[in-house]
Amino acid sequence: MFDFFRNIFRAFKTSFKLLFSSKVTLNYPTEKETRDGKARRSHTIDTSKCVACGTCAKACPSKAINVSAHCNGDTKELDEISIDYGKCCFCGICESACHKKAISLSAENKRTFRKSETIKAIGKRGRKK
Ligand code: SF4
Ligand code: SF4
């Protein structure tokens, strides 16, 4: 019986303390958060730099990246890069793997989604085979 009242007392004590502490949640999206520059929240793909090598797709541990390209004479041209946000774990390995610095992750939180979403970048740049 004593434990019961002690736990009730502790619960009220904690609730009372939190009532006067600073707020830790946000009323998103009307309130914007203070962004940490190191956070990895969304991808940017610069198709003018991408050479459709597919290294990012091979390096991705979640198999979230799909690179499609076609051959045009002796060059390989990028058709599309897509990232499945239903699979992506925002590890940043694709950014490190890309030797052309064409794919990067930023702290910018541009999207809120409830189900799997794919972002796509369509490009034309090619490289010699
Ligand atoms: S984003 Fe980088 S690693 Fe991925 S296909 Fe393009 S150049 Fe290659
Ligand atoms: S951040 Fe990680 S999981 Fe997401 S696409 Fe890049 S390598 Fe794949």
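Predicted model: local features only at pLDDT ≥ 70, side-chain atom pairs only at ≥ 80, totals over all residues.
Ala, Val, Leu, Ile, Met, Phe, Trp, Tyr, Cys and Pro count here as nonpolar, Asp, Glu, Lys and Arg as charged, and the others, Gly among them, as polar.

Residues are numbered from 1 along each chain as its sequence is written, while chains are lettered from A and ligands numbered from 1 in the order in which they are written.

**Ligand 2.** Select ligand 2. Around it are C60, S62, A64, I65, I83, C88, C89, F90, C91, G92, I93 and C94. A residue counts as near a molecule if its C-beta atom, placed from the backbone, lies within 6 Å of it. This shell holds 10 nonpolar residues, two polar and no charged.

**Ligand 1.** Move to ligand 1. It is surrounded by 13 residues, the closest being C50, C53, T55, C56 and C98. Here the shell has 10 nonpolar, two polar and one charged.

**The whole fold.** Switch to cartoon. Helices (H or I, at least four residues) and strands (E, at least two) are DSSP runs, numbered from the N terminus. The order is α-β-α-β-β-α-β-β-β.

**Helix 1.** Select residues 2–19. This helix has 18 residues and spans 26 Å from first C-alpha to last, close to the 26 Å expected. The expected span is 1.5 Å times one less than the number of residues. Zero of its 18 residues are buried, so helix 1 lies largely in the open. Buried means 20 or more other C-beta atoms within 10 Å of a residue's own; exposed means 12 or fewer, partly exposed in between, with C-beta atoms placed from the backbone. Across the protein, 15% of the 129 residues are buried.

**The core.** Which residues touch the most other members of the largest nonpolar core? Select C50, C56, I65, C94 and I103, from a core of 17 residues. Such a core is a set of buried Ala, Val, Leu, Ile, Met, Phe, Trp, Tyr and Cys residues joined through C-beta atoms within 7 Å. Strand 3 gives the most to this core, three residues.

Now centre on C94. Beyond its neighbours within four places in sequence, C94 contacts C56, A59, C60, I65 and I103. Contact means C-beta atoms, placed from the backbone, within 7 Å.

**Strands 1 and 4.** Select 42–45 and 103–106. Four bridges join these antiparallel strands. Strands pair if DSSP finds at least two bridges between them. On strand 1, H43 and I45 form the covered face, S42 and T44 the uncovered one.

Technical notes. Contact = placed C-beta atoms within 7 Å.
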